[in-house]
Each structure stands twice: as C-alpha cells, then as structure tokens.
Amino acid sequence: METDVQTSAKVHPVIAGSLFGVVFGFLLQKGGVADYGVLIGALRLTDPTVFQVILSAILIGGIASALLRWAGLAKAHPKPARYASNVVGGLIFGTGFGLLGYCPGTGAAALGQGSWDAGFGVIGLLLGSYFYAATATILKKIDHLGDHGKVIIANLFHLSPAVGIAGSSIVILAALVLLRNGFPR
C-alpha cells in the first residue's frame, strides 16, 4: 500500500504528457526542425539538420535510458517487431510527411511558432487518428504478419546491453561527424 508521501508525489499522466510535449516542441523549434525549408531539405537530402537532431536525440536518449535502467530507476519495455504493421504505418506516415512537409511533432511545433500552413497537417493528424480508430479492428488483422516478438539489437548479436549502447553510440557519433563535415549528395 502506498503512503501519502508517495501518492502526493505522483504527477497526473495528462499533466506529465503535456509538460513533456511542450518541452519536446520547444526543443524541436530550437533545433530548427519546425522550419518547413529544413524539413523539405531533409526529404531532398540537401539539409542534414533533421538527421543531426534525430541522431543526437537517439544518442542522448539511449545513454540516459541505459543509465536509468542500470540504476534501477527504469525498466525497458520493447515493442514487438511487426514488419507488416511497420511497413503499412511507415507508408502512411511517409506519404503524409512527403505531401505536407511536416511530421506530427514538427507540425505541432511549426504551428506553435506561427507557421499556419502546418495547421492543415494538424487537422490531417486529427482526421487520420479518427480514421485509424475507426479501422483499428481491420488493421489489427495484419499485426501477426512478420511478428518477430520483442527484438533488441544487442540480443540479436549476443551482446551485453552496455556493449550494445557503446557500439551504437560510436556508430551514431561517427554519423554525426560525417554529417557535420558535409552532407552526402
């Protein structure tokens, strides 16, 4: 049974999610990835900014989550690798991103900075969410196709989590150095 101190220290999930969303949007905007030109540059492979921000976030998040797990403050909850669902979801996401020039996070951040064109994307996100909810039972039928369970890359190569994080960190740092020294054309 929880004590009053533990109960009062909990933050409501909606409040925590909202605060995280505001911080995330702020960081997207400050990172430059709420700018339509930067996003189109990423899609055209002429601007490395989006790739640098994503790789930096993966690097920091991977190391931070590994440290939290090591300290016993967090547990990993990997999602199942379901290739059919990932392909369908990726095609839908990619089509929307390619047509609009914004993904969900960058669209919300762009709208927050006053880029009103992103409003169409936010409306599309809401309609898409409704469409997904209405068709979820049909889409769930492909979930089992290509289901390989909960896959962790370190486990595939029989590596300890520390070696997996270290190895992936080295690869990400190398990619960041390559992107900083010139975007491939």
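This report describes the fold, the nonpolar cores and the pockets of a predicted protein model.

**Overall architecture**

The protein is built from 9 helices and 2 strands. Read along the sequence, these elements follow the pattern α-α-α-α-β-α-α-α-β-α-α. The C-alpha trace spans about 50 × 45 × 40 Å along its principal axes. Of the 185 residues in the protein, 22% are buried. Among contacts with a separation of 6 or more, 64% are between residues 24 or more positions apart.

**Helix α3 and its surroundings**

Helix α3 covers residues 36-43, and within this helix Val38, Leu39, Ile40, Gly41 and Ala42 are buried. The cover over the buried residues of α3 includes α4 (49-70), α5 (83-100) and α6 (104-112). At the start of α3, the backbone nitrogen of Gly37 is approached to within 3.0 Å by a side-chain oxygen of Asp35. Just after the helix, Leu45 adopts a positive phi of about 60°.

The loop between α3 and α4 holds Asp47. Asp47 has a relative accessible area of 19%; because the cut-off for burial is under 20%, this residue counts as buried. The side chain of Asp47 is joined to that of Thr49 by a polar contact of 2.6 Å.

In soluble globular proteins, nonpolar side chains tend to be buried together. The largest nonpolar core in this model has 12 residues, namely Leu28, Val33, Ala34, Val38, Leu39, Ala42, Val50, Phe97, Tyr102, Ala109, Ala110 and Ala118. Helices α3 and α6 each supply at least two residues of this core, and α3 gives the most, with 3 residues. When neighbours within four places in sequence are left aside, Phe97 is in contact with Leu39, Leu43, Tyr102 and Cys103. A second, separate core has 5 residues, including Leu55, Ile172, Leu176 and Leu179.

The largest pocket holds about 870 Å³ of space. Its lining has 30 residues, of which Gly89, Ile92, Phe93, Gly128 and Tyr132 are the closest to the pocket centre. The elements that give two or more residues to this lining are β1 (80-82), α5, α6 and α7 (118-139). The largest share of the lining of the largest pocket comes from α7, with 11 residues.

The second largest pocket holds about 700 Å³ of space. Among its 28 lining residues, Arg69, Ile152, Ala154, Gly164 and Ile165 are the closest to the centre. Two or more residues of this lining come from each of α4, α8 (153-156) and α9 (161-180). Helix α4 provides the largest share of the lining of the second largest pocket, 11 residues.

| Pocket | Volume | Composition of the lining |
|---|---|---|
| Largest pocket | about 870 Å³ | 18 nonpolar, 9 polar and 3 charged residues |
| Second largest pocket | about 700 Å³ | 19 nonpolar, 8 polar and 1 charged residues |

Notes: Residues numbered from 1 in each chain as written. Predicted model: local features only at pLDDT ≥ 70, side-chain atom pairs only at ≥ 80, totals over all residues. Heavy atoms only, no water. Buried < 20%, exposed > 50% of the residue type's maximum accessible area, 1.4 Å probe, protein only. Helix = DSSP H or I, 4+ residues; strand = E, 2+ residues; numbered from the N terminus. Contact = heavy atoms within 4.5 Å. Polar contact = N/O pair within 3.5 Å; in protein donor to acceptor, adjacent residues only side chain to side chain. Core = buried A, V, L, I, M, F, W, Y, C linked by side-chain atoms within 4.5 Å. 1 Å grid on protein atoms, 1.4 Å probe; cavity = no way out; pocket = protein on both sides within 12 Å on 5 of 7 lines; lining within 4 Å. Points joined across faces, edges and corners; volume = space filled by probe spheres on them. Nonpolar A, V, L, I, M, F, W, Y, C, P; charged D, E, K, R; others polar.
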